[in-house]
Amino acid sequence: MKILQVTAALNEGGVERGTLEMAAFIVAQGAKSYVASNGGKLVSLLEKSGGEHFLLPLAKRRPWAILGSALQLAKIIRQHEIDLVHARSRAPAWAALIACRITRTPMVTTFHGTHKIQNRLKWFYNSAMVRGERVIAISEFIRAHIIENYQVAPARIDLAPRGFDPEEFNPEDYDRQAVHEMKRKLELEAGVPVITLPGRLTRWKGQTLFLQALGELKDLPWQALLIGGAGKKVAYENELKTLAYHLGIADRVKFLGSRSDIAACYALSDIVVSASTEPEAFGRVAIEAQAMGKPIIASAHGGSLETVKDGLSGWLYSPLSSQDMAAKLRLALSADTDLPATGSAGRRWVVENYTVEQMCQAEWRAYAAVCPSLPTAAENP
């Protein structure tokens, strides 16, 4: 079998990670794995896993650019005898749809986000993501969104929640001495709880809300880490630092920027927060933190309603309420709360339900629904 995934680019983000994870899984099944995209720093990882990359201007959204990409995709499909196309983002999905119609090749799509619907034209553009024979939803939240807004029959939708890599997110890789050394390098105070908010510095990730909540906890011992790059949003980063100063907590908050060692950052944390002000389509932070045995405090909307067991693996707070987030943080920092036990419960929960293996198996089943000749995927090949 020869399977072609189509996406805008291979830089960083949940879509890109899902593409790479599925590409490696396809190879592990003995099939041939191809990805077409505008390229990026993750292409080398794709090729190391045994996949092959086609460089196409798939990030371009203008109609004539999409048509040009479609013709190039049709040529690739014919030359390489592709059996199935899997589209993961909107402009590439339109190009893939045209190419698949030309070549009569089956296509599936993965719906990775809610994609705002401002008007009928935007709805039509977004609808590329429901035009495959099967539509893969990354959460129950997204599944409901597809049914409500695009009138897709539930029987055409396959659920494939995102997953974490158990080899990358393994708390046993970090003993007490290793965590102590990491804290020393970051100049964190020993014995003081570490509260971490991962997420690129963009307003909807809720950094402002997080700082406001911390400002209500000045009577408690804690230190906080904000992990995520600002990119071109330097003004927003400066705004956050100014807010921390005015709240009187600047000396307790560290901005670490983008980090490649996110699992290590979870390891040295006592509590992890997901503060998104808009519903996350899925939200990998919640499952990664729990995979590392860390309690998660998350906003009660979107994917977090599925991935966080409120009161067991962490706590949910009312979206947009810094007061409720502060209340949940105060509860977590209470002497009566057993954080390690909460973290252990979260670890068990996500290992049972949210691994990369489970995600890829679910996507493979969607492939098999349109390609009956596809063999059943092997467990942990």
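Glu 239 is partly exposed, with a relative accessible area of 36%, a class that lies between buried (under 20% relative accessible area) and exposed (over 50%), taken with a 1.4 Å probe and protein chains only. Its side chain meets that of Arg 203 in a salt bridge of 3.0 Å, N to O, the term being used for a side-chain nitrogen of Lys or Arg within 4 Å of a carboxyl oxygen of Asp or Glu. Because Glu 239 lies in helix α9 (residues 234-247) and Arg 203 in the loop between β8 (194-198) and α8 (207-215), the pair ties together parts that are 36 residues apart in sequence. Arg 203 is itself partly exposed, at 47%. Helices (H or I, at least four residues) and strands (E, at least two) are DSSP runs, numbered from the N terminus.

This is a predicted model, in which local features need pLDDT of at least 70 and side-chain atom pairs count only at pLDDT 80 or more, while totals for chains, interfaces and linings use all residues. Residues are numbered from 1 along each chain as its sequence is written, and side-chain values use heavy atoms, with hydrogens and water left out.

The structure holds 13 salt bridges. One of them joins the side chains of Asp 219 and Arg 330 at 3.0 Å, N to O, and links distant parts of the chain, with Asp 219 in the loop between α8 and β9 (223-227) and Arg 330 in helix α13 (residues 322-333), 111 residues apart. Asp 219 counts as exposed at 55% relative accessibility, whereas Arg 330 is partly exposed at 34%.

Another salt bridge brings together the side chains of Glu 21 and Arg 284 (3.4 Å, N to O); since Glu 21 lies in helix α1 and Arg 284 in helix α11 (residues 284-291), this pair ties together parts that are 263 residues apart in sequence. Glu 21 counts as buried at 16% relative accessibility, and Arg 284 is buried at 11%.

Glu 21 also belongs to the α1 residues that meet helix α15, together with Gly 18, Met 22, Phe 25 and Ile 26; contact here means heavy atoms within 4.5 Å. The axes of α1 (residues 14-28) and α15 (residues 356-370) come within 10 Å and cross at roughly 75 degrees, and the two helices are therefore roughly perpendicular to each other, the word covering angles of 65 to 115 degrees. Among the α15 residues in this contact is Glu 363, which is also linked with Arg 88 and Arg 162 in a network of salt bridges.

Terms used:
Axes are lines fitted to C-alpha atoms, for helices over the stretch in contact, and angles run from 0 to 180 degrees between N-to-C directions. Angles under 35 degrees count as roughly parallel, over 145 as roughly antiparallel, 65 to 115 as roughly perpendicular and the rest as oblique.
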